[in-house]
Amino acid sequence: MRRYMRVRFVCLLLGFGSVFYVFIQLAASLDSQNGWVSKKSQHRSTLLTGENVVGRAAASKGPANQHRNSRCMNLSVSFWNPYWRLPSGVCGLNCFWESAFRFIIRRPNSSDSVKELAEAMHLAVVACGDRLEETMTMIKSAVIFSIKFLEFHIFAEHELHLKFQETLNTWPLQYHSKFNYKLYNITFPSENAAEWKKLFKPCASQRLFLPIILKDVDSLLYVDTDILFLQPVDEIWSFLKEFNSTQIAAMAPEHEEPRIGWYNRFARHPYYGKTGINSGVMLMNMTRIREKYFKNDMTTARLKWEEILMPLLKKYKLNITWGDQDLLNIIFHYNPESLFIFPCHWNYRPDHCIYGSNCKTAEEKGIFILHGNRGVYHDEKQPAFRAVYEAIVKYKFGDDPFHFLLYPLENNLLQTTHTYCGRVQNLFTKQLQKSIQKIQDTIPRVR
């Protein structure tokens with residue numbers, strides 16, 4: 001009986017090997033029919049070094065490389081788009097291997113990877129309507145420059161989920177080892193969902209509920225979709241270590257110059273400090289937020305985060321203009337000891353240069369985070385902001401960032417000197433140049 005089982009096992013093993021061999025030969029024949037075949041040794045070394053065998057950067061010349069890009073890069077293999085669901089004739093052997101190894105690389109199980117995930121920087125964004133490209137450009141800027149592993153929490157309307165997956169999965173394999181992402185539906189308390197969703201802009205108030213929804217996340221950086229990182233996320237993440245025992249969140253002032261401030265001139269509700277705060281870049285210790293009891297002007301009792309939001313909206317909804325940002329201003333007006341303020345160059349907006357430069361720390365150090373609010377990335381009102389956005393959109397992963405990002409941007413900024421923001425064009429590239437120099441030797445080269 002034991003001998004019979006051994007023979008049966010050997011037969012099964014040989015049968016499986018034969019089927020696998022036939023499959024490989026068939027896949028290889030598909031590749032050769034389309035004009036290119038990878039060498040076995042080259043393919044194996046590519047898998048070990050993490051290089052993407054499917055396509056090289058645009059700098060690679062020749063029809064074979066172009067065809068390779070069109071066949072595999074445009075219809076990338078992923079967890080949601082596995083090899084066996086691709087249309088026939090799209091890919092052969094190489095895409096099969098990419099399908100197998102991409103999932104392993106993006107979700108490793110080694111002890112080093114567990115440690116990496118534990119130390120990950122968590123970044124959240126909320127995207128609705130036509131904000132897909134803007135959001136992807138923000139994520140791209142974060143991935144290009146950051147050093148530590150990034151965990152993205154993307155809150156989006158359900159119809160955008162597939163588009164996010166398709167776009168992120170076309171990025172080169174090497175860059176997928178730098179981040180992970182999770183997609184969430186837009187979620188509000190059921191009894192007041194409609195009211196929250198239409199507050200200020202569609203879905204914008206979702207950020208208020210992040211501490212409640214992401215219960216397992218200790219700290220989080222929330223950014224608007226129109227944010228661009230010109231500095232590694234690691235740098236702003238390090239502010240968490242500078243919080244004192246009472247501070248739970250960090251934001252930048254809404255204005256540096258009170259004479260052009262909005263809150264101090266027009267607000268009909270309490271606000272933080274002299275000119276209010278801007279919530280487009282908000283660093284949070286969410287564990288502390290969930291634990292804190294907040295002072296307020298509605299009751300003598302202190303309220304927890306989930307208890308204070310709806311009463312605030314009911315009291316001030318006829319007096320607020322900027323929606324959730326106004327509610328945050330009210331909360332921190334009564335709890336100023338809980339807020340850490342970082343300088344304006346961490347949330348640099350058109351207001352900092354539209355009437356002349358008024359962000360002194362940006363003049364000294366350059367812009368670290370660019371915030372293109374009021375749609376300036378998509379119109380001609382502030383061409384300097386649009387030039388930075390378009391430079392990052394056009395930059396291709398793996399290309400030399402000096403020659404394909406910084407230098408073209410500097411040339412385009414020269415065409416913006418007819419505006420006040422364009423006259424301080426050096427602020428837009430000062431820190432960017434340092435960031436590129438810092439990560440130059442670590443940029444994965446796409447082949």
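Helix α15 is mostly covered, with nine of its 11 residues buried (under 20% relative accessible area, with exposed meaning over 50% and partly exposed in between, for a 1.4 Å probe and protein chains only). The buried residues are D324, Q325, D326, L327, L328, N329, I330, I331 and F332. They pack against α9 (193–197), β6, α12, β7 (277–285), α14 and β8. Helices (H or I, at least four residues) and strands (E, at least two) are DSSP runs, numbered from the N terminus. The model is a predicted one, in which local features need pLDDT of at least 70 and side-chain atom pairs count only at pLDDT 80 or more, while totals for chains, interfaces and linings use all residues. Residues are numbered from 1 along each chain as its sequence is written, and side-chain values use heavy atoms, with hydrogens and water left out.

The partner helix α14 deserves a look of its own. Two packed helices are described by the angle between their axes and the distance between the axes. For α14 and α15 the angle is about 115 degrees and the axes are 10 Å apart; axes here are lines fitted to C-alpha atoms, for helices over the stretch in contact, and angles run from 0 to 180 degrees between N-to-C directions. The two helices α14 and α15 are therefore roughly perpendicular (65 to 115 degrees, with under 35 counted as roughly parallel, over 145 as roughly antiparallel and the rest as oblique). The contact is made by W305, I308, L309, L312, L313 and Y316 on the α14 side and by L327, L328, I330, I331 and Y334 on the α15 side, where contact means heavy atoms within 4.5 Å.

The whole structure holds 23 aromatic pairs (rings of Phe, Tyr and Trp, the last by its six-membered ring, with centres within 6.5 Å; planes under 30 degrees apart are stacked, over 60 edge-to-face and the rest tilted). One of them is the edge-to-face pair of W262 and W322, at 5.6 Å centre to centre and 70 degrees between the planes. W262 lies in the loop between β6 (249–253) and α12 (263–266) and W322 in the loop between α14 (305–316) and α15 (324–334), so this pair ties together parts that are 60 residues apart in sequence. W322 is partly exposed, at 30% relative accessibility. The C-alpha atom of W322 is 8.7 Å from that of K201, 121 residues away along the chain. K201 belongs to the loop between α9 and α10 (210–213) and, at 38% relative accessibility, is also partly exposed.

Charged side chains meet rings too. The charged end of K292 sits over the ring of F294, 5.7 Å from its centre (NZ of Lys or CZ of Arg within 6 Å of the ring centre and within 35 degrees of the ring normal). R423 lies over the face of Y420, at 4.8 Å from the ring centre.

Two buried residues complete the picture. D351, in the loop between β8 and α16, is buried with a relative accessible area of 6%. Apart from neighbours within four places in sequence, D351 is in contact with H255, I260, N358 and R374. V388, in helix α17 (residues 383–394), is buried at 1% relative accessibility. With neighbours within four places in sequence again left aside, V388 is in contact with L228, L230, L370, L409 and F428.
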